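Take a first look at the fold below.

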Amino acid sequence: MSATPPAPTPPNPRPSDSAAPDLGQPDDTLQAVGAVSLRLMAGAVPRRTLEQLKRTVQQSPAEYPWQVVTQAVLAEPIEPQRLVQQGLVAQRDWILRGGRETPGPGIAHHTKSFVARVAAQLIFGAIYTVVIIVLLLLLKYKLPDFDIYRVLTWCQQTFGAKR
């Protein structure tokens, strides 16, 4: 009676090897989302699939359909070695870039914004001053007996300004 050795058990399947990961299990969800992120970061998702997913996400404004996105991205076959190489290149580029691909405005943008804001305020102040002077001259022209200093005296008497 010879016993046959048991068949070797295959290693744990990767999300790309199985038909669809069980997104109800936290560990499987973590692995699936990580695999999707790697594929997206590596640029390994075909443009056709990305366009379909974009339409899907746009049609679901209330909630992000992450399960649909995850399953669609993982359904695309990919060579693991190529994915790892592309992912490592993307990691290196991310680190060299210093983070996200669309960084916030730099110091040059802030400086230009500040200069533009100050210039706009100076222009507005100059126009405002010219308008006030023209109005005072027009008042003096229309009412020659009007004395602007009477208003100052009235304000001092009303609000009790001390000399």
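Leaving aside neighbours within four places in sequence, which residues is L23 in contact with? They are T29, A32, W66, Q67, T70 and Q71. Keep in mind that this is a predicted model.

## The overall plan

The protein has 6 helices and 0 strands. Along the sequence, the pattern reads α-α-α-α-α-α. There are 163 residues, and 15% of them are buried. Now take the contacts between residues at least 6 apart in sequence. Of these, 60% join residues at least 24 apart.

## The segment before α1

L23 lies in the segment before α1. Is L23 buried or exposed? Its relative accessibility is 15%, under the 20% cut-off, so L23 counts as buried. L23 and Q67 are 44 residues apart in sequence, but their C-alpha atoms are 7.2 Å apart in space.

P21 also belongs to the segment before α1. P21 counts as buried because its relative accessibility is 12%. Its contacts, not counting residues up to four places away in sequence, are A32, Q71 and L74. From P21 to Q71 the chain runs 50 residues, yet the C-alpha atoms are 7.7 Å apart.

T29 sits in helix α1. With a relative accessibility of 16%, T29 counts as buried. Neighbours within four places aside, T29 touches D22, L23, G24 and W66.

## The core

In soluble globular proteins, nonpolar side chains tend to be buried together. Which residues make up the largest nonpolar core here? There are 9: L23, A32, A35, V36, V45, L53, V69, V73 and L74.

V45 is one of the core residues. Leaving out residues up to four places away in sequence, V45 touches R39, L40, L50 and V73. V73 is in the core as well.

## How the helices pack

Two packed helices are described by the angle between their axes and the distance between the axes.

| Helix pair | Angle between axes | Distance between axes |
|---|---|---|
| α1 and α4 | about 70 degrees | 8 Å |
| α1 and α3 | roughly 65 degrees | within 9 Å |
| α2 and α3 | roughly 170 degrees | within 11 Å |

Start with α1 and α4. Helix α4 covers residues 80-97, and it packs against α1 at an angle of about 70 degrees. That makes α1 roughly perpendicular to α4. On the α1 side, the contact involves L38, R39, M41 and A42. On the α4 side, it involves L83, Q86, G87, A90 and Q91. Sorted by type, the residues of this contact are 5 nonpolar, 3 polar and 1 charged.

Next come α1 and α3. Here α1 passes α3 in a left-handed crossing. From α1, the contact uses T29, A32, V33, A35, V36 and R39. From α3, it uses W66, T70, V73 and L74. These residues divide into 7 nonpolar, 2 polar and 1 charged. Several names return from the core, including A32, A35, V36, V73 and L74.

The last pair is α2 and α3. Helix α2 spans residues 47-58. How are α2 and α3 placed, parallel or antiparallel? They are roughly antiparallel, because their angle of roughly 170 degrees is over 145. T49, L53, T56 and V57 of α2 meet V68, V69, A72 and V73 of α3. This contact has 6 nonpolar residues, 2 polar ones and no charged ones.

## The loop between α3 and α4

E76 is found in the loop between α3 and α4. Which residues does E76 touch, not counting those up to four places away in sequence? The answer is R39, P46, R48 and T49. E76 and P46 are 30 residues apart along the chain, and 8.3 Å separates their C-alpha atoms.

R39 turns up in several places. It touches V45 and E76. R39 also takes part in the contact of α1 with α4 and in that of α1 with α3.

Technical notes:
Residues numbered from 1 in each chain as written. Predicted model: local features only at pLDDT ≥ 70, side-chain atom pairs only at ≥ 80, totals over all residues. Heavy atoms only, no water. Core = buried A, V, L, I, M, F, W, Y, C linked by side-chain atoms within 4.5 Å. Buried < 20%, exposed > 50% of the residue type's maximum accessible area, 1.4 Å probe, protein only. Contact = heavy atoms within 4.5 Å. Axes fitted to C-alpha atoms, helices over the stretch in contact; angles between N-to-C directions. Helix = DSSP H or I, 4+ residues; strand = E, 2+ residues; numbered from the N terminus. Parallel < 35°, antiparallel > 145°, perpendicular 65-115°, else oblique. Nonpolar A, V, L, I, M, F, W, Y, C, P; charged D, E, K, R; others polar. Left-handed = near helix turned anticlockwise from the far one by under 90°.
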